[in-house]
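This briefing covers the ligand site of one protein model. Please look at the structure below before reading the notes.

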Amino acid sequence: MPLYVLATPIGNLSDLSDRAIETLKLADQLACEDTRVTGKLLSKLEIKKDMISYREENEKFLAPKLADKIENGSNIVLVSDAGTPAISDPGYRLVRECRKRNLKVIPIPGPVAFTTALSASGLPTDRILFEGFLAPKKSARHRFFKEQKDFSGTLVCYESCHRIEKFLDDLIFCLGPDREICVAKELTKIHENFLFGSAKKVFNELKVKSKKGEFVIMIAKK
Ligand code: SAM
């Protein structure tokens, strides 16, 4: 049997594809980050499934065990809390284990926050560097910005509501207040919002808005 790597919505439930629903129905077990989050999705779909929590902390241990199950004929479906597994989320180790054992891995594509954000950003998308989450330390953020300040494409990062202001503050310090950026907030949700313009302008706009939510930050080349 194959491993299915299945994308779930990043906000709007209607973004779940028919193929994803069919695949969830045929699963023997779901490997998911938080069984409560996936449990809610399943109950909305009126699907009952056995679930196992597959997180960063137990990935190393669980990946071979899940690969054994696949080898023995189980349909295992890998999902994360939101979006595509293995993209700034657990999954890579299990997929790699399956590849090494020559087991089939079938992606069931769907939302990814950074491609969704880029598609509506108005920034060039022909060359991008997706960095995911920057390390939480100020020094690490500064190092990243300094290393990439002349990158000849669009830089893309994930950030939580807790650090978004610090992120923009450091961005302005390292790349200057006039660098063009786009910040996508709460994609596909009721309060979806895009802020576009110079880093300084976006920072000022963001300061007066609620910082709750999830963010994708895109930085244009110099
Ligand atoms: N696997 C996910 C994907 O396919 O995009 C990413 C998971 S990562 C743990 C979570 C981060 O993705 C958030 O902190 C935020 O930066 C970004 N993200 C996820 N959902 C989002 C949304 N609806 N709007 C904006 N950013 C989002």
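**Ligand site**

The ligand sits in the largest pocket. A pocket is an open set of points on a 1 Å grid over the protein atoms alone, where a 1.4 Å probe fits, with protein on both sides within 12 Å along at least five of seven lines; sitting in it means that more than half of the molecule's atoms lie within 2 Å of its grid points. The model is predicted, with local features needing pLDDT of at least 70 and side-chain atom pairs pLDDT 80 or more, while totals for chains, interfaces and linings use all residues. Residues are numbered from 1 along each chain, and side-chain values use heavy atoms, without hydrogens and water.

**Shell**
- The ligand is surrounded by 19 residues (a heavy atom within 4 Å), the closest being I87, D89, Y158, L187 and F215.
- Eleven of the shell residues are nonpolar, three polar and five charged.
- Strand β10 (214–219) contributes the most, three residues.
- Domain 1 (3–108) and domain 2 (113–219) both supply shell residues, so the ligand lies between them.

- A backbone N or O atom of T84 is 2.8 Å from a ligand oxygen.
- For F215, a backbone N or O atom is 2.6 Å from a ligand oxygen.
- Of the 580 Å² of accessible area (Shrake-Rupley, 1.4 Å probe) that the ligand has on its own, the protein covers 92%.

Conventions:
A polar contact is a pair of N or O atoms within 3.5 Å; within protein, one must be able to donate a hydrogen and the other to accept it, and residues adjacent in sequence count only if both atoms are side-chain atoms. On a 1 Å grid over the protein atoms alone, a cavity is a set of points where a 1.4 Å probe fits but cannot get out, and a pocket is an open set with protein on both sides within 12 Å along at least five of seven lines; lining residues have an atom within 4 Å of a point. Helices (H or I, at least four residues) and strands (E, at least two) are DSSP runs, numbered from the N terminus. Ala, Val, Leu, Ile, Met, Phe, Trp, Tyr, Cys and Pro count as nonpolar, Asp, Glu, Lys and Arg as charged, and the others, Gly among them, as polar. Domain bounds come from an automatic or database domain assignment.
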